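Welcome, and thanks for taking a look at this one with us.

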Amino acid sequence: LSQNPRLERSSGVDMPSDVLVVTTAGSSAVDLETVFIAHYARIARVLARLVHDQARAEELAVDVFLKWSSHGRNSGDQAAGWLYRTAIRLGLDELRRQARRERAIRFVGWWSRSPPTPEEVRTASETQRRVRAVLTSLRTRDAEMLVLRSDGSRYDEIARLLEINPSSIGTLLGRAQRAFRQEYVRRYGHQ
């Protein structure tokens, strides 16, 4: 459609379906160009809503018409239904293909992570050193609470492990975080 100057790109034109049954003289075959003009814009819009990519939707819409032209048995009134069913199926297949591609990219991305650069290693170890220094300067209970919470422990687990009233964990943890932040800023500034 984009290469045809006579047609607007996915315009709002919806030709009536009676155009579909126009046949050439003495033939039962429906003219591909007539069917294309009658249904392309609408099929492209349906596919665009499904795959959320206008360019890919236009490619899929062309694929629908190529399939239709190679399946000569679906002509006349049956052609419109076949075209829309095929378009929806191609759109759903495209969504499945995209999901598989994204899963593969995530897996490969996780699997093929590049090793950290020397600068990243140095920065990480410096940050760890600073955090450890600040934790050692805090009260023991505050440091223990922060370490347990950063390790993913729930409030009830922290209360049980440190033998603290479970209802006061939120308040005590908030105080410990504020004390950590203040000490970190006092030692290293805002970074």
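A helix axis here is a line fitted to C-alpha atoms over the stretch in contact, and angles run from 0 to 180 degrees between N-to-C directions. With that in hand, α6 and α7 pack at about 85°, their axes being 10 Å apart. Please keep in mind that this is a predicted model.

**Overall picture**

- The protein chain holds seven helices and zero strands, so its order from the N terminus reads α-α-α-α-α-α-α.
- Of the 191 residues in the protein chain, 32% are buried.
- The accessible surface of the protein chain is about 12,900 Å², and carbon and sulfur atoms account for 53% of that surface.
- If you take the contacts between residues at least 6 apart in sequence, 57% of them join residues at least 24 apart.

- Leaving aside residues up to four places away in sequence, Ile43 is in contact with Ala61, Phe65, Leu83, Tyr84 and Ala87.

- Glu94 is a residue of helix α3, which spans residues 77-111.
- Is Glu94 buried or exposed? Its relative accessibility is 3%, and because buried means under 20%, Glu94 counts as buried.
- The neighbours of Glu94, not counting residues up to four places away in sequence, are Val51, Arg56, Leu60 and Arg101.

**Where α5 meets α7**

- Helix α5 covers residues 140-150 and helix α7 covers residues 169-188; their axes come within 9 Å and cross at roughly 100°.
- Because angles of 65 to 115 degrees count as roughly perpendicular, α5 and α7 are roughly perpendicular to each other.
- On the α5 side, the contact is made by Arg141, Asp142, Met145, Leu146 and Arg149. On the α7 side, Ile169, Leu172, Leu173, Ala176, Gln177 and Phe180 take part.
- By type, the residues of the contact of α5 with α7 are seven nonpolar, one polar and three charged.

**More on α5**

- The buried residues of α5 are Asp142, Ala143, Met145, Leu146 and Leu148.
- These buried residues of α5 pack against α4 (118-137), α6 (155-162) and α7.
- After α5 comes Gly152, which has a positive phi, near 100°.

**Where α6 meets α7**

- How are α6 and α7 placed relative to each other? They are roughly perpendicular, with an angle of about 85°.
- The α6 residues in this contact are Tyr155, Ile158 and Ala159, and they meet Ile169, Gly170 and Leu173 of α7.
- The residues of the contact of α6 with α7 divide into five nonpolar, one polar and no charged.
- Ile169 and Leu173 of α7 are among the residues in the contact with α5, and both also take part in the contact with α6.

Methods. Residues numbered from 1 in each chain as written. Predicted model: local features only at pLDDT ≥ 70, side-chain atom pairs only at ≥ 80, totals over all residues. Heavy atoms only, no water. Helix = DSSP H or I, 4+ residues; strand = E, 2+ residues; numbered from the N terminus. Buried < 20%, exposed > 50% of the residue type's maximum accessible area, 1.4 Å probe, protein only. Contact = heavy atoms within 4.5 Å. Areas by Shrake-Rupley, 256 points an atom, 1.4 Å probe, with all protein chains shown as cover. Parallel < 35°, antiparallel > 145°, perpendicular 65-115°, else oblique. Nonpolar A, V, L, I, M, F, W, Y, C, P; charged D, E, K, R; others polar.
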